[in-house]
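Please read the points below alongside the model. They cover overall shape, surface patches and charge pairs.

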Amino acid sequence: QHEMALPDMEEKMTKLQSAKESVEIPNEKQSMLYYKIRQQLDRLEIDLRSYIVKPKYILPFLQPGRLITVKDGDDDYGWGAVVNFQKKAVKGEGSRDRK
């Protein structure tokens, strides 16, 4: 049964390929350039945000009463108010005693 349907499928495939080749995108180069610039802006925004939220830069702004948005990866918890915060030292692997 599959072999009988093969010629029809090949004909359908050639029609779809010709339809694909006949599609013309106006200003394709400009659209591609815009797309690449948009991707670069998105990457730069991520880099900037990761720089801004480093503890050394954000701690002076974490004052009680300040409104903040809380996000963790894809989870968005919305707006909240800073009530209090405490600095906690995180021990890294470099601070372990080695023998």
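1. Helices (H or I, at least four residues) and strands (E, at least two) are DSSP runs, numbered from the N terminus. This is a predicted model, in which local features need pLDDT of at least 70 and side-chain atom pairs count only at pLDDT 80 or more, while totals for chains, interfaces and linings use all residues. Residues are numbered from 1 along each chain as its sequence is written, and side-chain values use heavy atoms, with hydrogens and water left out.

2. The protein has 3 helices and 2 strands, in the order α-α-α-β-β along the sequence.

3. The radius of gyration of the protein is 27 Å, whereas a compact globule of 99 residues would have one near 13 Å. The radius is taken over C-alpha atoms, and the globule rule is 2.2 Å times the number of residues to the power 0.38. Along the principal axes, the C-alpha atoms fill a box of roughly 70 × 45 × 30 Å.

4. Of the 99 residues, 1% are buried (buried means under 20% relative accessible area, exposed over 50%, partly exposed in between; 1.4 Å probe, protein chains only). The protein exposes about 10,400 Å², of which carbon and sulfur atoms supply 56%; accessible areas come from the Shrake-Rupley method with a 1.4 Å probe, and for residues only the protein chains shown count as cover.

5. A nonpolar surface patch consists of Leu48, Tyr51, Ile52, Val53 and Tyr57, with about 460 Å² of accessible area together. Patches are made of residues with over 30% relative accessible area and no salt bridge; like charges are joined within 9 Å, and nonpolar side chains (Val, Leu, Ile, Met, Phe, Trp, Tyr) within 5 Å. Helix α2 (residues 28-52) gives the most to the nonpolar patch, with 3 residues. Tyrosine 57 belongs to helix α3 (residues 55-58) and is partly exposed at 31%.

6. Asp72, Asp74, Asp75 and Asp76 form a negative surface patch. Aspartate 72 lies in strand β1 (residues 67-72) and is exposed, at 52% relative accessibility.

7. How many salt bridges does the structure hold? There are 2, a salt bridge being a side-chain nitrogen of Lys or Arg within 4 Å of a carboxyl oxygen of Asp or Glu. Glutamate 11 pairs with lysine 15, with closest N and O atoms 3.5 Å apart; both lie in helix α1 (residues 2-22), 4 residues apart, about one turn of the helix. Arginine 38 pairs with aspartate 42, with closest N and O atoms 3.2 Å apart. Arginine 38 and aspartate 42 are separated by about one helical turn because they are 4 residues apart in helix α2.

Terms used
Lys and Arg count as positive and Asp and Glu as negative; His and the chain ends are not counted. The place of a charge is taken as NZ of Lys, CZ of Arg, CG of Asp or CD of Glu.
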